[in-house]
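Take a look first, then follow the questions.

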Amino acid sequence: MNRYVSAKDFFANLSPEGRVYLLVRHGERRHITPQDPDSGAHVGLTDAGRRQAFDLGTMFPKEGDAVYFSSPVGRCVETARRIGEGRASVGGPVAAPVQVLQPLGDFFVRDFEQYRAVLNENFYPSICRWIEKGEHPAYCPLASRAEEMRQMMLEKGTARFNVFTSHDAWIVPCLAHFCHFNFTPGVWMNFLTGLAIVVEPGALDRIVPITGLNDGNLLF
């Protein structure tokens, strides 16, 4: 089973000079079926998902500015907004407006027609095959594109805390590449889970798998 650090412990042990780039999945959403006309883009957060995102925000240190980036999909935008609201509720600064970042919605897609097909037919097995082989007709080469994701985050984020909310489809490959995690259609990543890139003066950047929930693993 993949092992994640709890967000509460991660932030409690963060050095005052540490700059964080957090790539995290949205909070709990309602169920998506293959019959959804827009592949689930309209599906929003549940009440639990809203609470999860808010609670994650309360775990951040109060000191330091923050910026929030999101996939264009509504549940990701709401997750980013709720994280900011949660931080403000415990004495942190008023949250900056969420900036929609198109690549967070489709960063790894190489062929949109083939990607739409796997969304409706065999999404989880296709992601797992891509992770195993590093190549798939629907997706960009995994290793090089994951490195580009990291570089994009480092370039976009200018604050102490830089939050990027996205989808499991683009966080799972990053966890596989950077953290050497294994995934199967039955063992996935949970909501409010992802990874944090930590940049500290005089030290090598480090990548920490992190979850805002009790368990970063989601079992089907």
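Q: What is the order of the strands in the open sheet?
A: Seven strands form it, running β1-β8-β7-β2-β5-β3-β4, and the pairing is mixed. Strands here are DSSP runs of E with at least two residues, helices are runs of H or I with at least four, and both are numbered from the N terminus. Keep in mind that this is a predicted model, where local features need pLDDT of at least 70, side-chain atom pairs count only at pLDDT 80 or more, and totals for chains, interfaces and linings use all residues. Residues are numbered from 1 along each chain as its sequence is written, and side-chain values use heavy atoms, with hydrogens and water left out.

Q: What makes β1 and β4 stand at the edges?
A: β1 (5–6) and β4 (99–100) each have a single partner strand, so one side of each is left without a neighbour in the sheet.

Q: How do you know that β1 and β8 are paired?
A: Two strands pair if DSSP finds at least two bridges between them. Two bridges join β1 to β8, so they meet that cut-off, and they run parallel. Ser6, for example, has Thr211 in β8 as its bridge partner.

Q: What about β7: which strands does it pair with, β2 and β8, and in which sense?
A: β2 and β7 are joined by six bridges and run antiparallel, with Arg19 bridged to Val199 in β7. Six bridges also link β7 to β8 (206–211), again in the antiparallel sense, and there Ile197 has Ile207 as its bridge partner. In the hairpin of β7 and β8, six residues sit between the strands, and Gly202 takes a positive phi near 75 degrees.

Q: Why is Arg206 called partly exposed?
A: Buried means under 20% relative accessible area, exposed means over 50%, and partly exposed is in between (1.4 Å probe, protein chains only). Arg206 comes in at 34%, so it counts as partly exposed. This residue is found in strand β8. Leaving aside residues up to four places away in sequence, Arg206 touches Ala196, Ile197, Val198 and Glu200, where contact means heavy atoms within 4.5 Å.

Q: What makes β3 mostly covered?
A: Five of its five residues are buried. Ala66, Tyr68 and Ser70 point one way, while Val67 and Phe69 point the other way. In a regular strand, side chains alternate between the two faces of the sheet. β3 is joined to β5 (161–166) by five bridges, running parallel, and pairs with β4 in the parallel sense over two bridges.

Q: How do you know that the buried residues of α2 line one face of the helix?
A: The buried ones are Gly49, Gln52, Ala53, Leu56 and Gly57. Seen down the axis of α2, they fall within an arc of 135 degrees, so they line one face; the arc is that of the directions from the helix axis to the C-beta atoms. They pack against α1 (7–12), β2 (19–25) and α3 (74–89).

Q: What is the largest nonpolar core, and which residues touch the most other members?
A: A nonpolar core is a set of buried Ala, Val, Leu, Ile, Met, Phe, Trp, Tyr and Cys residues joined through side-chain atoms within 4.5 Å. The largest has 40 residues, and Leu23, Tyr115, Tyr139, Met149, Trp170, Leu175 and Trp188 touch the most other members. Its largest share, eight residues, comes from α8. Apart from it lies another core of 23 residues, among them Val24, Ala66, Phe161 and Ile210.

Q: Why is the pair Cys140 and Cys174 too far for a bond?
A: A disulfide is a pair of cysteine sulfur atoms within 2.5 Å. The sulfur of Cys140 is 12 Å from the closest cysteine sulfur, in Cys174, so that is too far. For Cys174, the closest cysteine sulfur is in Cys179 at 9.2 Å, also too far for a bond. A search of the whole structure finds zero disulfides.

Q: Are Cys140 and Cys174 buried or exposed?
A: Cys140 has 14% relative accessibility, so it counts as buried. Cys174, at 1%, counts as buried too.
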